[in-house]
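Here is a short briefing on the structure shown below.

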Amino acid sequence: MTANPTNPFEYMQGLAAMWGRGAEGFAAAQQTMFRDMAERMGKAAEGAPAASPTGMPDAEALMAAQREYSRLWSSALEVSQTVGRVMREGAPPDPLVTEMLGKIFDPRPWFSSNDDIDGELRRLAEGPRLADLWQVERRVLNVFNAWTELRRRSLEHNTVMLDAWLKAATAFAKELNQKAERGEVLESWRAVLALWVETANTVLLETQRSEPYLQSQRNMLNASTELQLAQQEVAEFYSQMFGYPTRAELDDVYKTVTELRREVRALRRDARAGATKRANKSGGARGKAKAQASPAPEGADR
Amino acid sequence: MSSTPIPVQIKPSDAIAEAAALFQKIARGAELFRNLRDEQVEIGTTPKDEVWRQDKVTLYRYRPLAETRIGPPVLVAYGLVGRYTMADLQEDRSLVRNLLKLGADLYVVDWGHPSRADRWLRLEDYIEGYLGECVREISERHDIAAVNLLGICEGGVFTTCYAALNPKAVKNLVLTITPIDFHADGEHDRLGHGFINLWTRSLAPEDIDRLIDAHGNLPGEFMGSVFSMMTPMRTLMKYNLDMLEVMDDEKKFLNFLRMEKWIADRPHHPGEAAKQWLKDLYQQNKLIQNEFELGGRKVDLGKITMPVLNVFAQDDHIIPPATSQALGAKVGTKDYTELPLPGGHVGVFVGGKSQALLGSGIANWLAARQ
């Protein structure tokens, strides 16, 4: 990237160009990889539940998501360039203002922060690595399908967020224009930042209540869940192969322990109730009932 | 966008002064950071003693800070979504300390840190099981028939359910920021309020089942992310702008860090209990309809016959006031009081004005009902 790092808009432009080239390369590489996988795994994939009728990951849907994201990114870039141009047309640009506005008009933090869920889900889901994939073919194909689906859903969600950023940027620019027309000025970077925060917050909160946002969140959550489950299936396979306890077996043990503890609690309650009843019948005091109800040695509850 | 010059006119001298002040702030903050000790950001420090323990659940009794004037003892129950330390964040922002100073005999239940091994625990295990055992322990220790319950957030739902199922064991019920009608979030349509309600309803019940099956529980980090989504710009700015604002002021900086410590300590919510919480309550809203079942028994809010104090935060974006206030029309007592306080969900406990009102409000109300 050759962009001048002191100019945020050139930086953004450079980043966008790199992103575009990267996306093209990624798409081409993926197509090759999936084609290769199909040839190698043709037989192994028979009978496996798959994301598409051929058992292949839905590469076309992923491409569509990438295209839509790319289209919006171009619009975002255009907005940023316009702001940059307007700034240069005005009074001699103050470097502090230029840098600060550049940061404000950078949509990337909207993905990294509002994409928290995506990040957390990915972190939670991406425990196992992909190194052993070729050894458990059918299950691995499921993992790849689920992984592709998660990438696609993540892109779709980022597209919704990018759209929101565009709306916020437009609203912010409009507000600045209106202030200029009214002859009002913002005299500190804090004032500019406060205006941006207020504008962006409103747009973000409105976006979060929208159907596209909720739907893309749900899709991403479900895709992450399916990836986690597909990976667990691979882990179960390995555990069984090497004689280790499986996740399902451990969960079964936990269930038994929980049920036993529940029973113990109920039995203790019944025992205490019985003791209290007997103590009351014999006219004993509450303290006596307590003593009778606690036959277990010290620390038995612990 | 037109070519109107942007109305940002920062004078070079002002910019330099601002930058210099900023650098000074950062330098002072860095110095504070360097000298920071772990004990300075400890939370939940009010002295207390363990009096009972079962599995991962511990019952503590706080040591008195004044002569006991309020009886019977008060049992504080937080939910499983966060930790009870919110009520005792720091010495000068502590509901626990405020109540102790006002003469309450205080106990708190700590649910611990559930792991995957606890995935099968259901809400009835927590409410009828552990909470019930805590009530029994306190009752036996003090030789009393009923205790005061103080529920916070999800813990308020626990105490509400317990009181409805065991009215004789509860002398007074105090609820703070507690959701009862999980669908009342739309009553006062305020932007950003009730997002968790909306978000949970956007999921299908089977989405929740699959999520829990995959993780075994509702991961604490996941819930943390959902909470972050509710204040999007605040989340974006928190670690640069907000921290920068306070980092040269030791008191404010330590407050900030203690709050961050509490936020980071978000336990996993046991899986089966999370399914009930999200599906039965958030999605199907069974509690307000008297349809919520625990261990085969329906929770009938009309069976809540003891006095009730319902405290809510007027700007609570997580538990919008209407979701709490719905309880008033459902309880079986005429001694029902609402205490609206300024501030948000957490601000009620740590905000300068609210937390003082909260402590005295609860203490006075309890003192009048001994």
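Buried means under 20% relative accessible area, exposed means over 50%, and partly exposed lies in between. At 37%, Arg297(B) therefore counts as partly exposed. The model is predicted.

- Eight strands of chain B form an open sheet. Their order is E1-E2-E6-E3-E7-E8-E13-E14, and the pairing is mixed.
- Strand E1 (48-54) and E14 of chain B are the edge strands, each pairing on one side only.
- On average, neighbouring strands of this sheet are turned by 20° against each other, direction ignored.
- Strands of a sheet pair through backbone hydrogen bonds, either parallel or antiparallel.

**Strand E13 of chain B**

- Is this strand enclosed or open? Six of the six residues of E13(B) (residues 308-313) are buried, so the strand is largely enclosed by the rest of the structure.
- In a regular strand the side chains alternate between the two faces of the sheet.
- In E13(B), Val308(B), Asn310(B) and Phe312(B) point one way. Leu309(B), Val311(B) and Ala313(B) point the other way. Both sets are buried.
- On one pairing, strand E8 (residues 170-176) of chain B runs parallel to E13(B), joined by four bridges. Here Leu173(B) has Val308(B) as its bridge partner.
- E13(B) also pairs in the parallel sense with strand E14 (residues 336-341) of chain B, over six bridges. In E14(B), Tyr336(B) stands opposite Val308(B).

**A helix pair in chain A**

- Two packed helices are described by the angle between their axes and the distance between the axes.
- Helix H6 (residues 137-181) and helix H8 (residues 211-242) of chain A have axes that come within 8 Å and cross at roughly 160°. Angles over 145 degrees count as roughly antiparallel, so H6(A) is roughly antiparallel to H8(A).
- The crossing of H6(A) and H8(A) is left-handed. Their contact has 15 nonpolar, eight polar and six charged residues.

**Salt bridges**

- How many salt bridges are there over all chains? The count comes to 40.
- Arg53(B) and Glu50(B) form one of them, with the closest N and O atoms 3.0 Å apart. Arg53(B) is partly exposed at 29% relative accessibility, and Glu50(B) is partly exposed at 32%.
- Arg119(B) forms a salt bridge with Asp213(B), the closest N and O atoms being 3.4 Å apart. Arg119(B) lies in the loop between strand E6 (104-110) and helix H3 (123-142) of chain B, and Asp213(B) in helix H6 (residues 205-215) of chain B, so the pair ties together parts that are 94 residues apart in sequence.
- Arg119(B) is buried at 4% relative accessible area, whereas Asp213(B) is partly exposed at 31% relative accessibility.
- Glu128(B) and Arg297(B) meet through their side chains at 2.6 Å, N to O.
- Glu128(B) counts as buried at 17% relative accessibility.
- Which residues do salt bridges with shared partners join into one network? They are Arg247(A), Asp251(A), Arg116(B), Arg119(B), Arg122(B), Glu124(B), Asp213(B), Glu272(B) and Lys275(B).

Note on methods:
Residues are numbered from 1 along each chain as its sequence is written. Chains are lettered from A and ligands numbered from 1 in the order in which they are written. This is a predicted model: local features need pLDDT of at least 70, side-chain atom pairs count only at pLDDT 80 or more; totals for chains, interfaces and linings use all residues. Side-chain values use heavy atoms; hydrogens and water are left out. Buried means under 20% relative accessible area, exposed over 50%, partly exposed in between (1.4 Å probe, protein chains only). Helices (H or I, at least four residues) and strands (E, at least two) are DSSP runs, numbered from the N terminus. Two strands pair if DSSP finds at least two bridges between them. Axes are lines fitted to C-alpha atoms, for helices over the stretch in contact, and angles run from 0 to 180 degrees between N-to-C directions. Angles under 35 degrees count as roughly parallel, over 145 as roughly antiparallel, 65 to 115 as roughly perpendicular and the rest as oblique. A crossing is left-handed if the near helix is turned anticlockwise from the far one by less than a right angle, and right-handed if clockwise. Ala, Val, Leu, Ile, Met, Phe, Trp, Tyr, Cys and Pro count as nonpolar, Asp, Glu, Lys and Arg as charged, and the others, Gly among them, as polar. A salt bridge is a side-chain nitrogen of Lys or Arg within 4 Å of a carboxyl oxygen of Asp or Glu.
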